[in-house]
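Dear colleague,

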Amino acid sequence: MTAPVPSFSDLGLLPELLQAVAEKGYTEPSPIQAQAIPVILQGLDVMGGAQTGTGKTAGFTLPLLQRLAPHANTSASPARHPVRALILTPTRELAAQVEESVRGYGKHLGLRPAVVFGGVDIVPQIQALRAGVEILVATPGRLLDHVQQKTVMLGQVEILVLDEADRMLDMGFMPDIRRILALLPAKRQNLLFSATLSEEIKRLADNLLHQPVLIEVARRNAMTELVSHEVHPVRRERKRDLLAHLVRTQNLTQVLVFGGTRLGVNRLAYQLQRDGVHAAAIHGDKSQVERMQALADFKSGKTPVLVATDVAARGLDIQELPAVINFELPGAPEDYVHRIGRTGRAGSTGRAISLVCADEHEKLAAIEKFIKQRIPQIIIPGFEPDASGVSALMHTERDRPDRRPERGSSLTRGGARSHAGKAPAKPADAIFSAPYVPSSAVPAAAEPARTGSQKPGRQLAALLGGVRKSG
């Protein structure tokens with residue numbers, strides 16, 4: 001593995017690119033940049049893996065710009081500006097961020113970048129594409145819309161980048177990606193970048209890449225050491241009060257808060273506003289204009305608290321974001337890594353705070369197993385969890401790893417397991433009265449048992465005004 005080089009000038013980059021890098025204030029490449037840039041400049045395929053916040057975007061953007069630099073021209077003819085590089089991303093926010101990086105690093109070269117994604121008016125995108133662009137950043141669905149309308153041609157693409165490929169798989173984009181691949185020239189350079197390099201990603205790489213160079217600068221599922229982790233045990237009904245308390249008392253002037261559902265995120269932002277904490281919500285049901293405005297207000301400091309679903313777990317590049325708070329733990333342990341990757345970026349320190357109630361104990365255990373570390377638990381005075389029944393829970397089963405949830409179980413892909421048939425137990429909040437008690441020791445009374453006659457979602461539907469009958 002190549003050791004990091006002392007400066008960008010040692011990577012063989014063009015003066016125009018070095019000038020743009022210097023203007024951004026960067027002097028030393030990150031490990032992924034130091035290793036990926038020389039390889040990409042050679043025209044080789046790459047499978048790159050690095051934790052979020054380590055500079056993957058610049059790692060492929062800078063050499064991509066250099067390889068296309070000979071095509072730069074000032075002609076007004078769209079025919080002189082065909083799409084030569086295609087960068088696919090899973091989310092709108094990530095697409096916008098990548099295009100911003102391409103535009104910033106390439107501003108002295110004369111290449112034309114553009115970005116297309118859904119949720120906004122397609123007409124300005126069509127106008128930009130018809131004027132000619134060399135570098136196109138796109139989400140798969142909107143790109144296929146343009147293909148169908150014949151507003152983009154991909155027959156001259158020389159470089160293909162799949163960014164956050166693991167998220168592409170998670171979001172079910174593979175059928176769209178296969179359709180896009182069929183439109184590209186067979187001979188091209190392929191770059192696959194991902195926060196994690198799972199077995200699924202490696203199988204994808206086998207079908208896409210030609211003799212790729214593997215670059216993995218951090219152990220799988222690793223997280224930056226610049227981020228501190230903490231869990232605050234709390235009763236579910238006091239979570240919002242504790243969140244407002246932390247924002248007010250710990251000088252959290254900019255904090256990204258993750259909720260579990262779109263409805264929950266909207267409600268939490270509204271309740272925080274009512275409590276005097278200025279907050280905004282961002283999720284998939286918001287229009288792209290609303291999402292971009294909320295993000296802009298958050299970055300500028302106008303809105304100190306941004307409440308988001310996992311649509312924001314990747315692609316948000318916020319300089320020196322001091323803290324991320326998990327108001328609800330994610331259903332998949334991998335998403336914990338992606339969420340907290342929004343803080344502790346580019347050499348800055350950060351905090352990852354999780355508000356955990358009793359019925360999230362299995363999710364917490366799965367996260368700790370996934371990241372291979374125990375997270376300190378700190379009880380905030382005035383927000384103590386229910387400590388009743390502690391003595392009955394002191395047989396913690398520390399030495400029974402078989403009781404820990406396995407990756408790939410129903411827990412890691414969506415919520416708590418069914419506890420049908422288990423005996424009633426004492427209140428599960430008691431688990432948090434000790435400094436650390438493994439989640440496997442928590443009784444299962446926190447969630448009602450599900451049976452064949454008890455359909456998931458029926459209780460929620462009843463709360464919203466009645467059960468909707470299926471046809």
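**Ile-87 and the cores**

Leaving aside residues up to four places away in sequence, Ile-87 is in contact (heavy atoms within 4.5 Å) with Phe-60, Leu-64, Val-98, Val-102, Ile-135, Leu-136, Val-137, Ala-138 and Val-161. A second, separate core has 31 residues, among them Met-47, Leu-129, Val-133 and Leu-204; a nonpolar core here is a set of buried Ala, Val, Leu, Ile, Met, Phe, Trp, Tyr and Cys residues joined through side-chain atoms within 4.5 Å. In the largest such core, which has 36 residues, Ile-87 is one of the three that touch the most other members, together with Leu-62 and Ile-135. At least two residues of this core come from each of α1 (15–23), α2 (31–41), α3 (56–68), β2, α4 (92–105), β4 (135–138), β5 and β6, and α3 gives the largest share, with six residues.

Before going further, please note that this is a predicted model, in which local features need pLDDT of at least 70 and side-chain atom pairs count only at pLDDT 80 or more, whereas totals for chains, interfaces and linings use all residues. Residues are numbered from 1 along each chain as its sequence is written, and side-chain values use heavy atoms, with hydrogens and water left out.

**The sheet and the chain**

The chain has 15 helices and 13 strands, where helices (H or I, at least four residues) and strands (E, at least two) are DSSP runs numbered from the N terminus. Seven strands make up an open sheet with parallel pairing, in the order β3-β4-β2-β5-β6-β1-β7, two strands being paired if DSSP finds at least two bridges between them. At its edges are β3 (113–116) and β7 (213–216), each of which pairs on one side only. Within the sheet, β2 (residues 85–88) and β5 (residues 159–162) pair in the parallel sense over four bridges, and Ala-85 has Ile-159 as its bridge partner in β5.

Of the 471 residues in the chain, 54% are buried, with buried meaning under 20% relative accessible area, exposed over 50%, and partly exposed in between (1.4 Å probe, protein chains only). Lys-187, in the loop between α8 (174–181) and β6 (189–194), counts as exposed because its relative accessibility is 80%.

With best regards
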